[in-house]
Amino acid sequence: MVKEAFDIDALIERHGRERSSLIPLLQEIQSELGYVPKEAIKAVARELDIFEVEVYEVLTFYAQFRLTPRGKHVIKVCLGTACHVMGGQDIFNYVSQVLGVSAGETTKDGTFTLERVACLGCCGMAPVVAIDDQVHGRQTISKVEKLLREHAANDVGKGEHVTKDAK
Amino acid sequence: MPAVYINGSKVEAKDGATILQAALDAGIYIPHLCHHPDLEPAGICRLCLVEVEGRGIVASCQAQVEDGMAVWTETPMVQKARQISLELLLTNHLGDCLSCPKDNECKLQEVASYIGINEERFKQLRMLAPQFPLDESNPFFLRDPNRCVLCGICVRTCDEIQGIGAINYAFRGFATTIATFGNKPIVESNCESCGECVVRCPTGALVPKNYRKPAKEVKSICPYCGVGCSIYLGVRGNEVVFVRGDKDSPVNEGQLCVKGRFGFGFINSPERLRKPLVKRNGEFVEVTWDEALDLVASKFSQYKGDQFAAVASARCTNEENYLVQKFARAVMQTNNVDNCARLCHAPTVAGLNIAYGTGGGTNPISDIDGASCIFVIGSNTTVAHPVVGTRIRRAARRGATLIVADPRRIELFNHAHVCLQQRPGSDVALLMGMARVIYEQGLHDEEFIRERCENFEAFVESLEQFELDFVEEVTNVPKEKIIQAATLYATRKPSLIIYSLGITEHSHGAENVLALANLAMLTGNVGKPSAGVMPLRGQNNVQGACDMGCIPASFPGYQPVKDGAVRRKFEKAWGCRLSEKPGLTLVEMFQEALKGNVRAFYIVGMDLAYSMPNARMVWEALERAEFVVVQEILMTGTAKFAHVILPGASFAEKDGTFTNLERRVQLIRKAIEPIGDARPDWWITCEIAKRMGATGFDYSHPSEVMDEIARLTPSFAGMSFARLEGAGIQWPCTSPDHPGTPILHIEAFNTPTGKGHFSPLQYKPPAEMPDDEYPLILTTGRSLYHFHLSMTRRVEGLLALHPEERIWLNPKDASKLGIADGDKVKVISRRGEVFTRAKVTEDVAPGTAFMTFHFYETPTNILVNEALCPIAKTPEFKVTAIRVERA
Ligand code: SF4
Ligand code: SF4
Ligand code: SF4
Ligand code: FES
Ligand code: FES
């Protein structure tokens with residue numbers, strides 16, 4: 001389940017209302033919830049008396065922030081130079097299609113988050129996919145399919161979309 | 001004044017000027033892209049680089065001049081650095097200038113041709129195909145990120161000028177773009193479609209849709225609200241194709257809202273009335289002007305005296321309004337003449353007259369900038385008077401204390417320090433409660449009260465009943481907030497009160513105004529800069545319609561018809577006998593028509609069938625009347641009831657003057673020929689009069705009417721069209737060398753005693769309170785995208801931004817009624833029912849509902865109570881007991 005609750009008053013108590021509190025505030029929300037929900041952006045903007053779109057600017061500028069909830073498993077498909085040459089894009093497209101999400105998004109049931117990364121530092125095994133920071137090299141579509149199935153199966157009843165769509 | 005040497009020549013610069021400003025002022029060009037004179041410098045584009053001796057290369061838009069500084073704008077180092085900056089910008093810019101709407105007006109083209117580029121390098125880098133999708137969601141302008149140079153002018157405009165922050169930078173690196181919150185299409189953001197960013201964008205990244213370049217420009221005044229923004233009408237052929245704000249105007253300083261900037265489509269609308277129409281066998285048939293005018297003249301001759309009533313137009317010019325009341329009084333021999341101010345600000349005129357002796361706002365709009373505290377009550381300013389609204393937002397962001405009181409959680413709440421959400425109709429209690437706090441804490445201005453005011457003791461006595469517990473119960477505002485608001489208002493001087501129809505449209509509207517007048521006197525906040533009381537008048541010339549005597553008890557300039565000397569002056573000037581009996585007010589005219597006492601109407605430019613309370617009563621009265629003439633630019637709901645329709649010219653088709661909410665009389669000028677066979681309203685009224693054998697209606701131009709007004713009206717004595725060129729004049733202006741009066745009551749009040757008059761007040765509940773059968777209170781108001789009905793609905797884009805009525809309900813009430821957002825509902829009051837859809841929102845308090853009145857399909861005013869304020873005869877639009885059901 002996606003966590004959404006945050007206690008803005010307590011957060012403000014800890015960090016204050018200065019403009020410089022913005023990033024620490026957002027970081028704490030993110031470490032608490034795994035992402036920064038829209039409602040939190042609104043609350044932070046209100047408390048710091050800045051525009052919502054200013055908070056959005058900061059969130060989209062720093063790669064560390066996420067605007068959508070993080071799933072139970074994070075799949076990183078590498079599109080660095082080596083992986084790209086070895087067909088990383090096909091793998092990415094496949095995963096994206098099967099899960100029905102694009103980069104940075106999480107499946108509706110909260111099982112998978114898909115991310116696109118640039119080089120995981122093991123180009124020798126390209127193309128590379130990492131699930132929950134465990135690296136899997138020399139991937140093919142059928143290997144990825146298996147990986148997804150395994151991870152989905154760990155969550156009983158939550159992986160229908162994988163078995164349904166994947167061939 | 002610092003002197004700097006630019007390229008060896010000496011230049012005198014203003015104190016605090018930047019090098020760029022100093023150079024541009026001296027006629028020396030330095031290329032620049034992210035600089036805009038209205039905005040804070042940002043130093044983003046790096047094109048304005050110059051070399052300063054001893055400092056090296058600096059961005060001239062950010063560096064301030066210093067005395068004796070030596071600046072070189074074209075050294076090889078500068079040129080090289082600029083060229084690199086430019087090439088980097090151009091590589092991220094879609095290069096097909098020929099298909100860009102900004103071609104030839106683009107700042108990027110200008111700097112590129114000045115600086116020049118290295119073709120070879122550039123060829124390899126340039127962007128050939130669009131990389132980002134267009135945002136076409138706004139009906140008035142297009143956003144093309146492929147042509148954006150990320151100069152940030154739009155972002156700073158929306159922040160610094162508009163004060164709402166709809167857009168900002170988002171993402172980073174090559175993906176950097178200007179986005180709304182959540183990168184949604186701009187119509188889904190909090191953007192108010194003002195177009196301020198569009199007019200400032202240097203490139204084709206923000207452009208008006210369907211732009212056509214005007215062949216000439218004519219200076220005029222916005223025809224919508226009482227702010228009276230100064231505009232230039234861009235004309236091509238006989239068509240108005242563009243509108244821009246007038247930067248030199250003290251009223252709007254170039255700014256406009258969405259209606260003023262984009263809402264001009266009604267002028268050349270195919271739906272304009274082009275020929276006089278006469279109703280025969282229930283159908284309108286076109287006739288010639290001679291036929292129509294002769295018919296009207298011969299019919300009106302049969303209804304002289306008090307069986308005739310004229311309704312003047314707050315949309316028409318001062319000169320035209322003057323003529324309508326002159327016609328009613330001199331030719332029709334009745335004082336039955338009124339205008340739509342009766343429905344809105346008559347309580348202002350009455351209340352401020354009692355308290356201060358002049359029924360107009362005390363201070364100019366620009367005084368908002370200098371106020372330390374601004375108290376806004378009963379005004380959804382950012383929606384109804386947007387350009388004043390942005391000024392308030394800017395003041396609050398600059399540090400002024402903002403107190404906002406409104407039954408709805410309006411947009412200004414986001415910028416306010418104290419928000420009071422009072423129950424509709426409880427304003428006297430709230431304001432007297434605040435007065436009591438101020439008095440008890442000794443925060444009142446004793447000296448001002450002693451020297452400048454009267455009747456203070458009686459007022460203090462009446463504070464007795466406003467115990468804070470009682471006030472809290474009546475208003476539903478917590479005591480602490482009342483104390484906080486009162487203390488801030490009394491101590492952060494100068495404090496300015498801004499109010500509008502939320503104060504006046506009540507069965508005790510004049511008393512609400514008196515309560516505000518009391519509060520300002522109590523704290524000595526009258527007759528001073530950035531203080532006072534500012535009523536925001538609704539229509540473009542509602543101030544003028546009243547000033548011109550289109551009210552039943554006064555000649556122009558509020559000279560009473562009862563006053564024998566005044567009457568004799570007008571009798572002599574107009575060569576006729578005049579009635580001393582004050583005429584009927586607007587609502588009374590229709591009540592009398594129902595009884596058969598008023599039998600003929602002359603209605604100029606007012607859609608009263610849909611803007612009056614208890615609309616059904618008005619419809620019946622119009623049906624009963626024997627002869628109804630409607631003078632209009634468009635077929636309105638009211639015109640359908642007419643026997644004769646006379647097609648008038650719009651504001652763009654004639655000369656004249658409008659008076660805005662700060663009493664500023666401003667010229668409008670003929671920009672195009674009248675559409676079809678339409679004629680200026682002043683001409684029509686004069687023709688009717690002449691055909692009835694009247695004399696004194698031979699004018700060849702409205703300026704002659706103004707000359708007559710000046711001769712007969714002391715507060716206009718110094719006005720003439722020649723003097724009104726430029727920014728206009730604020731009345732009173734009593735002689736040809738009088739500069740006008742921006743601030744009233746500086747030395748003395750205009751009352752007979754010269755003293756400001758305190759009024760003791762009592763709390764009276766609204767005429768209609770909720771009960772078991774009608775448990776909710778309905779309050780009404782405006783939308784940003786519409787004015788009343790007929791004009792804005794002819795502007796496609798405005799209709800797209802706000803296509804239909806919604807009744808706002810609090811989630812608590814909605815769930816009790818089993819109503820979900822978007823559900824179809826029936827709204828029922830004691831007078832009628834309408835169908836609409838629900839909008840479920842926390843922005844209205846439980847027990848309260850809200851609707852606008854902009855749609856013929858949902859005639860909200862059927863519901864509204866015609867209970868009148870006994871002093872001003874204004875109906876209670878703001879409080880109606882209703883019941884809502886699922887439909
Ligand atoms: S849209 Fe226009 S004003 Fe805004 S950053 Fe881009 S180029 Fe500048
Ligand atoms: S149109 Fe006005 S409100 Fe909308 S983004 Fe531009 S400046 Fe901001
Ligand atoms: S604020 Fe009023 S006068 Fe100014 S542009 Fe908007 S509608 Fe016109
Ligand atoms: S490019 Fe994929 S691991 Fe380096
Ligand atoms: S104008 Fe100076 S950096 Fe853009």
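These are my notebook entries on a predicted model with chains A and B.

**Entry 1: strand S21 of chain B**

I began with S21(B), residues 495-499. Buried or exposed? I found 5 of its 5 residues buried, so the strand is largely enclosed by the rest of the structure. I then sorted the side chains by direction. Ser495(B), Ile497(B) and Tyr499(B) point one way, while Leu496(B) and Ile498(B) point the other way.

Next I looked for pairing partners. S17(B), residues 373-377, pairs with S21(B) in the parallel sense over 5 bridges. Within that pairing, Ile374(B) has Leu496(B) as its bridge partner. S22(B), residues 532-535, also pairs with S21(B) in the parallel sense, over 4 bridges.

The peptide bond from Lys493(B) to Pro494(B) is cis, with omega near -5°. Pro494(B) sits in the loop between helix H17 (479-491) and S21 of chain B.

**Entry 2: the nonpolar cores**

I looked up the largest nonpolar core, which has 298 residues. Which members touch the most others? They are Ile374(B), Met434(B), Leu516(B) and Ala849(B). Helix H19(B), residues 509-522, gives the most to this core, with 10 residues. Leaving aside residues up to four places away in sequence, Leu516(B) touches Leu431(B), Ile497(B), Tyr499(B), Ile503(B) and Val533(B). Another core, of 19 residues, lies apart from the largest one; Cys78(A), Leu114(A), Leu120(A) and Ala126(A) are among its members.

**Entry 3: helix H15 of chain B**

I took H15(B), residues 456-463, next. Its buried residues are Phe456(B), Phe459(B) and Leu463(B). The face turned away carries the exposed residues Glu457(B), Ala458(B) and Glu461(B). I traced what the buried residues pack against: helices H13 (427-440) and H14 (446-452), strand S20 (453-454) and H19, all of chain B.

Asn455(B) lies in the loop between S20 and H15 of chain B. Its phi is near 65°, positive although the residue is not glycine. With 16 C-beta neighbours inside 10 Å, Asn455(B) counts as partly exposed.

**Entry 4: ligand shells**

I counted 13 residues around ligand 1. The closest are Cys148(B), Cys151(B), Cys154(B), Cys201(B) and Ala205(B). This shell has 11 nonpolar, 2 polar and no charged residues.

Around ligand 3 I found 14 residues, the closest being Cys222(B), Cys225(B), Cys229(B), Cys257(B) and Gly260(B). Helices H7 (258-262) and H12 (386-398) of chain B are the elements giving two or more residues to this shell. By class, the shell around ligand 3 has 9 nonpolar, 4 polar and 1 charged.

**Entry 5: where the chains meet**

How many residues does each chain bring to the contact? Chain B gives 11 and chain A gives 8. On the chain B side, strand S7 (167-170) gives the most, with 4 residues. That side divides into 6 nonpolar, 4 polar and 1 charged.

**Entry 6: another cis bond**

I also noted a cis peptide bond joining Trp731(B) and Pro732(B), with omega about 0°. Pro732(B) lies in the loop between S30 (729-730) and S31 (756-757) of chain B.

How values were computed
Residues are numbered from 1 along each chain as its sequence is written. Chains are lettered from A and ligands numbered from 1 in the order in which they are written. This is a predicted model: local features need pLDDT of at least 70, side-chain atom pairs count only at pLDDT 80 or more; totals for chains, interfaces and linings use all residues. Two residues are in contact if their C-beta atoms, placed from the backbone, lie within 7 Å. Ala, Val, Leu, Ile, Met, Phe, Trp, Tyr, Cys and Pro count as nonpolar, Asp, Glu, Lys and Arg as charged, and the others, Gly among them, as polar. A residue is buried if 20 or more other C-beta atoms lie within 10 Å of its own, exposed if 12 or fewer, and partly exposed in between; C-beta atoms are placed from the backbone. Two strands pair if DSSP finds at least two bridges between them. A residue is near a molecule or strand if its C-beta atom, placed from the backbone, lies within 6 Å of it. A nonpolar core is a set of buried Ala, Val, Leu, Ile, Met, Phe, Trp, Tyr and Cys residues joined through C-beta atoms within 7 Å.
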